[in-house]
Amino acid sequence: MWLFRPFEHFCKIGPCIELRSGCCHTYDRIDDVIPARGALFAKFHRLPKSTWVAMLCAACLVFSSVYSKAQDAAPSATQNGEVKLQLSKQTLQNGLRVVLAPDRTSPTVAIAVVYDVGSRNEERGKTGLAHLFEHLMFQGSKQVKKGEHSALITSRGGTANAITTADRTTYFQVLPSNELALGLWLEADRMTSLDLTQENLDNQRKVIAEEYRSKVSNVPYAHGALRLTEILYQGYAPYDHSEYGSLVDLDQADLAIVKDFQAKYYGPNNAVLCIAGDFAEAEASALVKKYFEGISKISTPSFTDPTPLVQTSPRSSTVKDEHADSPALLFGYKTPKFGDSSLPALDLTAMILGAGESSRLYHLLVRDKGVAQDVSARLSPRRGPGFFEVDIKLTSKADAAVVTSLVDTALKDLAAKGPTADELTKVKRRATTQRLLSLQTNLARARALADRELFLGDPTVLLSESALIAAVTADDIKSVVLTYLTSTKRTSVEIYPPAPPEPPKPAAAKSPPKSTQSTPVQNTAPVDKKKAPSPPPLPKSAKKPTKKLGSP
């Protein structure tokens, strides 16, 4: 599988493919890339062989030197999948936590700034503000005009984006390593002097409304997924609404409310800055202090984590989805918070149940019973209670109650007998491989390290997570299924597509057209066969016919 990385350039003759900033351009001939190739190649062709050999040797020496240095500085993994990274951590006087992870293998650098604010921090009647700021942060600041933040990055071959979850908001960018100062300056400027105007607020409210329509309202099964989290976290205010919040709340939020939200959460002592990639630690540290140390602290409200209500009976809901093409069944089970020791076993349990066609639920529901088209399962950890989800796309004739019973039985069987040795070995290898692949880019490492610093106060946790996966036993799997995945703790949502239109009724048979010719009236009176009827008498005015000669 090709992995598209920013700033990676290569050419291949016939046809030629060029990768730039993650975009793929195809050319029919190498001349489209190097128009003067004929003259260029002709000059090299006239060089003596001794010169060619000397150039080749020099190129090999340069490559081996660069490759050796890159290998020395590259992140690596041990035999059991442990990640080795060079990490350092510091905290500025204003409270900004900084994590540095140098990696000299690629001339790029990733910057991630994570703010400790998400939809869990929103008040009733003021939802959607965390996601709103994800948009407003690109609308300009004191020294950067509207639209220039992204333009400055993309004009240098970089990328920038942001993401909001219930637990945090992350702003990230990838740049050539010689543009590290630019990236840090941009982040510092919008942290301290964001341009909050009524025009920007009104504009971004419209953008979010359109985003909601395109990513939720018009997406199959999206409403069902949102409904699942609503009833799963019923009674737990931080998570009982989505990151989008209420569009009504957003429309009613005035500029004063928005500025108050920024003043509470967007400051250095409420953020983590992580830099990963090609940089020297001393230089990066000096740049961070130059741009961020002068930003003042803010007064941030403490987060009060309410105690989740204990679920003692199943919860369920039904959703009609006009965009769905088949019925679906979603199951959710609350799990411990991020960093809990039971999460590796729950992660492997998700793979045993619903990772691929060899998983238990796929084999049972799709191949054996034929009641489902597809099955998947996954673990979604959060800073508060996370959740374990099973998604089943049903066949049109499947009975949701029957499928629910089949899943309950499969979970009871796994809790009683545990996984086989082959199953456990397979999912451990898969989990370790997926984890290593997910950390191979500078951006992925920057975001992962920043999250662990924010959630747990320790980015080095990332380095030992593979060992936790390797240590999971069959008894651990049995224990987490029995503890968290029981029918009394199940939340389910049934999703149904619109009913098919009724077939048109057959048209009523038309009576044959009436004839325009007169039809003689027939005598329907009963006939006495013994006595023939006498002919009707002639009218008095009628004359008897004259008998002609020769007639009988």
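Q: Is Arg227 buried, exposed or partly exposed, and what is its relative accessibility?
A: Arg227 is partly exposed, at 30% relative accessibility. Keep in mind that this is a predicted model.

Q: Which side chain does Arg227 meet in a salt bridge?
A: Glu230. The N to O distance is 3.2 Å.

Q: Where do Arg227 and Glu230 lie?
A: Both are in helix H7, residues 222–232. They sit 3 residues apart, about one turn of the helix.

Q: New topic. How many salt bridges are there in the whole structure?
A: A search finds 27.

Q: What does Glu453 pair with?
A: Lys89, through a salt bridge. Their closest N and O atoms are 2.9 Å apart. Glu453 lies in helix H15 and Lys89 in strand E5, so the pair ties together parts 364 residues apart in sequence.

Q: Glu453, buried or exposed?
A: Glu453 is buried, at 2% relative accessible area. Lys89 is partly exposed, at 43%.

Q: What about Asp408, which side chain does it meet?
A: Asp408 and Arg490 form a salt bridge, 2.8 Å from N to O. Asp408 is in helix H13, and Arg490 is in the loop between helix H17 and strand E15, so this bridge joins parts 82 residues apart in sequence.

Q: Are Asp408 and Arg490 buried or exposed?
A: Both Asp408 and Arg490 are buried.

Q: Last one. Which residues are linked in a network of salt bridges?
A: Glu123, Lys126, Asp260 and Lys264 are linked that way.

Terms used: Residues numbered from 1 in each chain as written. Predicted model: local features only at pLDDT ≥ 70, side-chain atom pairs only at ≥ 80, totals over all residues. Heavy atoms only, no water. Salt bridge = Lys/Arg side-chain N within 4 Å of Asp/Glu carboxyl O. Helix = DSSP H or I, 4+ residues; strand = E, 2+ residues; numbered from the N terminus. Buried < 20%, exposed > 50% of the residue type's maximum accessible area, 1.4 Å probe, protein only.
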